[in-house]
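This briefing walks through a single protein chain, going from its overall layout to a handful of individual residues. Please keep the sequence and the model in view while reading.

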Amino acid sequence: VAVGGGGCADGLMTAIDAGCDTFVTSDVKYNGFWDAYEQGLNLIDAGHFYTENPVVAVLAEKIAAAFPEIEVKISETHADCMKFY
């Protein structure tokens, strides 16, 4: 399984070349789904926010450790801006 946070749909062939059978990413264009299908790759478009947001806390820790003189805060209001009806 390959995971590409955010818009990594252009990594589709890299996932296939690495021998992955499933690729989780976001922002896949129409033809990307067909390309994956034709190559026998399971493709999961999990959304931009949901494939990037899990790493925010890890990055905040690393930044805080590298720059102890600054305060690192994670937004309390940042959320997925996409709404589906």
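A residue is called exposed when its relative accessible area is over 50%, buried when that value is under 20%, and partly exposed in between. With a relative accessible area of 66%, Cys-81 is therefore exposed. The model discussed here is a predicted one, and the points below are grouped by topic.

**Overall layout**

- The secondary structure of the protein chain consists of four helices and three strands, and, followed along the sequence, these elements come in the pattern β-α-β-α-β-α-α.
- The radius of gyration of the protein chain is 16 Å, whereas the globule rule gives 12 Å for 85 residues, so the chain is more spread out than a compact globule.
- Taken along the principal axes, the box filled by the C-alpha atoms of the protein chain comes to roughly 50 × 35 × 15 Å.
- Of the 85 residues in the protein chain, 26% count as buried, and the chain exposes about 6,500 Å², of which carbon and sulfur atoms supply 58%.

- Strand S2 (residues 22-25) is joined to strand S3 (residues 42-45) by four bridges, with the two strands running parallel; the bridge partner of Thr-22 in S3 is Asn-42.
- Together with helix H2 (residues 30-39), the strands S2 and S3 make a right-handed β-α-β unit.
- As a general point when looking at the residues of any such sheet, the side chains in a regular strand alternate between the two faces of the sheet.

**The loop residue Asp-27**

- Asp-27 is placed in the loop between S2 and H2, and, although this residue is not a glycine, Asp-27 has a positive phi of about 60 degrees.
- Asp-27 is partly exposed, its relative accessible area being 44%.

**Ala-60 in helix H4**

- Ala-60 is found in helix H4 (residues 56-66), and with a relative accessible area of 13% this residue is buried.
- When its neighbours within four places in sequence are left aside, Ala-60 is in contact with Val-72 and Ile-74.
- Ala-60 and Asp-45 are 15 residues apart in sequence, while in space the distance between them is 25 Å, C-alpha to C-alpha.

**Cysteines**

- The structure holds zero disulfides.
- For Cys-20, the closest cysteine sulfur is that of Cys-8, and because the two sulfurs are 13 Å from each other, they are too far apart for a bond.
- Cys-81 is likewise in no disulfide, and the nearest cysteine sulfur to it, that of Cys-8, is 17 Å away.

Terms used
Residues are numbered from 1 along each chain as its sequence is written. This is a predicted model: local features need pLDDT of at least 70, side-chain atom pairs count only at pLDDT 80 or more; totals for chains, interfaces and linings use all residues. Side-chain values use heavy atoms; hydrogens and water are left out. Two strands pair if DSSP finds at least two bridges between them. A crossover is right-handed if, with the strands pointing away from the viewer, the path from the first strand over the helix to the second runs clockwise. The radius of gyration is taken over C-alpha atoms; the globule rule is 2.2 Å times the number of residues to the power 0.38. Buried means under 20% relative accessible area, exposed over 50%, partly exposed in between (1.4 Å probe, protein chains only). Accessible areas come from the Shrake-Rupley method with a 1.4 Å probe; for residues, only the protein chains shown count as cover. Contact means heavy atoms within 4.5 Å. A disulfide is a pair of cysteine sulfur atoms within 2.5 Å.
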